[in-house]
Amino acid sequence: MCGIVGYIGKRDVAPLLLEGLARLEYRGYDSAGMVITSPKSTGLKMVKAKGRVRDLEARVPKRFTGTTGIAHTRWATHGAPSDVNSHPHLDPENKVAVVHNGIVDNADDLRAKLEADGVVFASETDTEVITHLIARSQAGTLEEKVREAVKVIEGTYGIAVMHADFSDRIVVARNGSPVILGVGEKEMLVASDVAALIAHTRQVVTLNDGEMATLKADDFRTYTTSGTTTTATPETVEWEAASYDMGGHDTYMHKEISEQPDAVDRVLRGRIDDRFSTVHLGGLNLDAREARGIRRVKILGCGTSYHAGLIGAGLIESLARIPADSEPASEFRYRNPVVDPDTLYIAVSQSGETYDVLAAVQELKRKGARVLGVVNVVGSAIARETDGGVYVHAGPEVCVVSTKCFTNTVVAFALLALHLGRIRDLSVADGKRIIEGLRRLPAQISEILESEDEIRKLADEYAEAKSMMFIGRVRGYPVALEASLKLKEISYIHAEAYPASELKHGPLALIEPALPTVAIVPDDELLEKNRAALEEIKARSGRILAVAHQEQEKADHTILVPKNEDELDPILMGIPLQLFAYHTALALGRDIDKPRNLAKSVTVE
């Protein structure tokens, strides 16, 4: 992994590929490269560089022209970041070029067989195996050569292939890693993310797993890896190129934090039903009788999506009175879980392509489970493979760490919990109460964002810490988990989150002046319990930063957050801690939009 861009048409391809790679920089990467050709060319021309896209651009020769090309930003899996390990990979005769997202699980076995046949590998990557398989194929067409190769590959891949003998086409294939075609006017594009396409076309086709495509300048066709023709109708992308610009902000993360009032308004828009104090979620494909038959809800996600699922589970239990829990999808799929026909499974993924979540969905569907999706990207793999779901309408999120999408996902769970609750036992009065709370959210988020200068000063004061602890109780605990993740992701400060109730069961041993504690202290039925936890920390000379609805006497500093309904308070209490993480990272000089070692969309295990 991480980013693929390809083009075939009449335009000069190198500048277009560099632009596409630049739009994919947010995904995280360590090297970049591209191969180009044209119908009049005698072969393939390649340039690669360890480092950023700007380093690649600096190496492009002046007369590096062509009308067809593929390019890639790599996030290292097999082999350290280097020029030679970066993509594309060429065969020794410079006839075949391959870019690849994913992991070839049987790469070692295939490499050993190829080396026994005399193949000499130039890189340490698993991708080079694919290149040699295609180059050594005796099949007559490029499509057949690629088909033969993918049949022996085990693992995940999104690939784009060029061949000097077939300079009029690019062949692509997908299994578990996104491949999106862009349909232009006498030109075709391909990318792993719509962000690389949106400046040139809003007509896209998303390949399914086990599907391939041939792109020519004036046409495309799709088919399965067994050769059966498939029908693909282009869809119009709702996002525009301007959505991927910084809009006057210094970083995408800051822009996306600031967009949250509008983003939350979008996820609510058109969904509230005041007449019956409920919401309309037409995409669920779940009627009232089926909803009443649900005996349990299991939410699956990874990282931030898992944390959103924890808050969502609490909302579903509280409002719908259905037992609910959240679990990392990456663990769920390996523990041979019992799949209950009365359980509703919900897959959560910002991109809709997260491999561990997608694999869990596929396993659940194989076992006959009903699965809903909560995703941000329309037409993504999880959206297509689930029985129904809710789009969170956060808009494009470019920064590697999630902010507005996390918030919108939790709001989407509040809508789902309200919907299920009103079908079951939630009263009209409580339904109206939650709706009024939801409507207050955008203005309250704006109020929090107005206190950014105060939060920045606090972040500057705490940035010296080598480690931090985050605590919360019941509704506050998932907020603590997400806040600690944000801090470690972009500031690289070690952070841990614990339930406040667990302090006496071990974590108190860590408390000292050098270890600050961030405490989530909502004004709810557990307020006094949370204050008791602050007493325990202060008695051991610990520094405390509280996020609360009122000043906390035992805290060294308090970030005040406006009060909403108890059930919805976690949505608001996470917002200032996004800003806290941001300004802490800024004070430490971190690369906020592209934190080290991380990628935006994790499409491999």
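**Reading helix 9 and its partners**

Modeller: Let's start where helix 9 touches a partner: Thr304, His307, Leu310 and Ile311 in helix 9 meet Pro478, Val479, Leu481, Glu482, Leu485 and Lys486 in helix 16. Meeting here is contact, heavy atoms within 4.5 Å. Helices (H or I, at least four residues) and strands (E, at least two) are DSSP runs, numbered from the N terminus. This is a predicted model, where local features need pLDDT of at least 70, side-chain atom pairs count only at pLDDT 80 or more, and totals for chains, interfaces and linings use all residues. Residues are numbered from 1 along each chain as its sequence is written, and side-chain values use heavy atoms, with hydrogens and water left out.

Biologist: Are helix 9 and helix 16 roughly parallel or antiparallel to each other?

Modeller: Two packed helices are described by the angle between their axes and the distance between the axes. Axes are lines fitted to C-alpha atoms, for helices over the stretch in contact, and angles run from 0 to 180 degrees between N-to-C directions. Here the axes of helix 9 and helix 16 (residues 476–491) cross at roughly 165° and come within 9 Å. The two are therefore roughly antiparallel; angles under 35 degrees count as roughly parallel, over 145 as roughly antiparallel, 65 to 115 as roughly perpendicular and the rest as oblique. Their crossing is left-handed, the near helix being turned anticlockwise from the far one by less than a right angle (clockwise would be right-handed).

Biologist: And at what angle do helix 9 and helix 13 pack?

Modeller: About 25°, for helix 9 (residues 304–320) against helix 13 (residues 404–423), with the axes 8 Å apart. That pair is therefore roughly parallel, and helix 9 passes helix 13 in a right-handed crossing. On the helix 9 side, the residues that meet helix 13 include Ala308, Gly312, Leu315 and Leu319; on the helix 13 side, Phe406, Thr409, Phe413 and Leu420 are among them. By class, this contact has 14 nonpolar, 6 polar and no charged residues.

Biologist: How many residues of helix 9 are buried?

Modeller: 12 of its 17, so helix 9 is mostly covered. Buried means under 20% relative accessible area, exposed over 50%, and partly exposed in between (1.4 Å probe, protein chains only). Among the buried ones are Thr304, His307, Ile311 and Ile316. As for its length, helix 9 reaches 23 Å from its first C-alpha to its last, close to the 24 Å expected (1.5 Å times one less than its number of residues).

Biologist: Is Thr409 buried or exposed?

Modeller: Thr409, in helix 13, is buried, with a relative accessible area of 6%. Leaving aside neighbours within four places in sequence, Thr409 is in contact with Ala308, Val348, Val374 and Val392.

Biologist: What is the phi of the residue that follows helix 9?

Modeller: Helix 9 is followed by Arg321, whose phi is positive, near 55°. Asn94 also has a phi near 55°, a positive value in a residue other than glycine. Asn94 lies in the loop between strand 5 and strand 6 (96–101) and is partly exposed, at 40% relative accessible area.

Biologist: Where is the peptide bond that is cis?

Modeller: From His87 to Pro88, with omega near 0°. Pro88 is found in the loop between strand 4 (68–74) and strand 5 (89–90).

Definitions and conventions. Nonpolar A, V, L, I, M, F, W, Y, C, P; charged D, E, K, R; others polar.
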